[in-house]
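Hello,

Here is the structure for you to look over. My notes on helix packing and the ligand follow below it.

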Amino acid sequence: MSFPKGFFWGGATAANQCEGAWDVDGRGESVADHFTKGDRQTPRYFTYRIDEGNYYPSHEAVDFYHHYKEDIRLFKEMGFNIYRMSISWSRLFPEGDEEQPNPKGIAFYRDVLTELKEHHIEPLVTISHYDIPFGIAKKYGGWQNRKFINFYLNYCKVIFTEYRSLVKYWLTFNEINVLSNGYGDIMAAGMLPEKDCPIFYTEETAETKSRRFQALHHQFVASAKAVSLGHGINPDFKFGCMIAATLPYGYTCNPDDQLLAQKELNLKNYFCGDVLCRGAYTPMAARYFEEEHILVNMEKEDAKTLKDGTVDFYSFSYYMSSCASADTGKENSGGNMSEGVKNPYLETSDWGWQIDPKGLRYYLNEIYGRYHIPVMVVENGLGADDILAEGEVEDEYRIAYMQSHIKQMHEAVKDGVELIGYTSWGCIDLVSLSTGEMKKRYGFIYVDKNNDGSGSLKRYKKKSFDWYKEVIASNGEAALK
Ligand code: BGP
């Protein structure tokens, strides 16, 4: 048994991490344009002003804006039949609250989508990937303000109508569960701090939690409304939720560890998954809100809106698993919103992320068993410090990482999971979200751009480029050897 016929193979990027051209053709500032560069030891900062003395990696990124034709040609050469990209909201609505979009922004995405169509690559479009217009964040306080639902829906109406015949697959919010996990106030909710601070900084009080969950509730409503709106505009549209897979194993067979792991699985994944896929809050939510003194205003009609706007498929990013332990003295592992106790059975990447291909199979079964809707892995990959030598990058470690994950996806398919696609993260090198570095590379395509912003932006094929090409040509078989 191999991967299903018509399986989607491709790669994924996000506008603020690859497009650049931050102030070109009428684009407005995004909150992400206010994030400085950090590294594994130094946090990225949000700065209210764009300081001349600071470096903001999103401003140029890898300049996909001016290289998209060349990049799409390379994707096609690898055999992609899908490409996950995001639209920069502030390229279309510079401040975020305008009625009418910026025509040059509309034209840019039309060109990109047309280019994909000509290459027979299906776009998978993330509507909001950590890319909130700075204008509305500043004026209205971010997603905690219910007005955001209408700004978002106006944006959706424009892109659904403009690109009605160019896009079929949409994701409403990237990793929506960062808000239930406590990381996303600035980047995912546009709730700006009073003072410049690290981008992942969150003060945890009942009040800040209430604001965060209020913002999340508004995103749930916005997502459901977008799904209903989109289905009305084109009944062929397919919508997915996008969740950062957070897979906690109980550290020991101590029932306390297992209960903790179960609670984390619920709060970090199903909290959002249940609303988006089933149209209602997960049973554990009420107790959690009560114990944490979290207050969320919900309008009377919201329950019906959520029920009516459930998604058509479940998509997620998967990089690692974690461990839950009731013993608070244990050493933690690093990760993107997935911190937990270090697992002695797993290796870690150079950035401290635990590598666990079998966890991907586990998670796929878990999700499909709960929701019974098609599933797509829309982010997965290895961030590594690649060396370009005489135009070549020998990234065997990336091949090994991806091969082991594809093998486990295949096991999940054999287990009966309706897996429909795989878009590896950062198919072309781009700016790292957590550190802002270029050095943390994920691509099959190397971009000559360095941490300090220097570099020619020239593209080079890595060794993994040819390997992935073979994998796609054989519908996955080449990775199963
Ligand atoms: C996910 C984000 C992506 C991406 C990825 C890798 O959480 O959706 O935007 O960047 O993580 O993370 P990083 O870039 O920090 O290595």
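**Helix packing and ligand contacts**

Phe 64, Tyr 65, Tyr 68, Lys 69 and Ile 72 of α2 meet Phe 108, Asp 111, Val 112, Glu 115 and Leu 116 of α4. Meeting here means contact, with heavy atoms within 4.5 Å. By class, this contact between α2 and α4 has 7 nonpolar, no polar and 3 charged residues. Ala, Val, Leu, Ile, Met, Phe, Trp, Tyr, Cys and Pro count as nonpolar, Asp, Glu, Lys and Arg as charged, and the others, Gly among them, as polar.

A word on the source. This is a predicted model, in which local features need pLDDT of at least 70, side-chain atom pairs count only at pLDDT 80 or more, and totals for chains, interfaces and linings use all residues. Numbering runs from 1 along each chain as its sequence is written, and side-chain values use heavy atoms, with hydrogens and water left out.

Back to the first pair. Helix α2 spans residues 64-78 and helix α4 residues 103-118. Helices are DSSP runs (H or I, at least four residues), numbered from the N terminus. The axes of α2 and α4 are 10 Å apart, at an angle of about 10°. Axes are lines fitted to C-alpha atoms over the stretch in contact, and angles run from 0 to 180 degrees between N-to-C directions. The angle makes α2 roughly parallel to α4 (under 35 degrees; over 145 is roughly antiparallel, 65 to 115 roughly perpendicular, the rest oblique).

Next, α6 (residues 147-162) and α8 (residues 206-233). They pack at about 25°, with axes 10 Å apart. That makes α6 roughly parallel to α8. The crossing is right-handed (the near helix is turned clockwise from the far one by less than a right angle). The contact of α6 with α8 has 10 nonpolar, 3 polar and 2 charged residues.

The α9 side of the contact includes Leu 265 and Tyr 270, and the α12 side includes Tyr 363 and Ile 367. By class, the contact has 6 nonpolar, 3 polar and 4 charged residues.

Now the ligand. For Ser 432, the value is 3.3 Å.

Best wishes

Note on methods:
Helices (H or I, at least four residues) and strands (E, at least two) are DSSP runs, numbered from the N terminus. A polar contact is a pair of N or O atoms within 3.5 Å; within protein, one must be able to donate a hydrogen and the other to accept it, and residues adjacent in sequence count only if both atoms are side-chain atoms.
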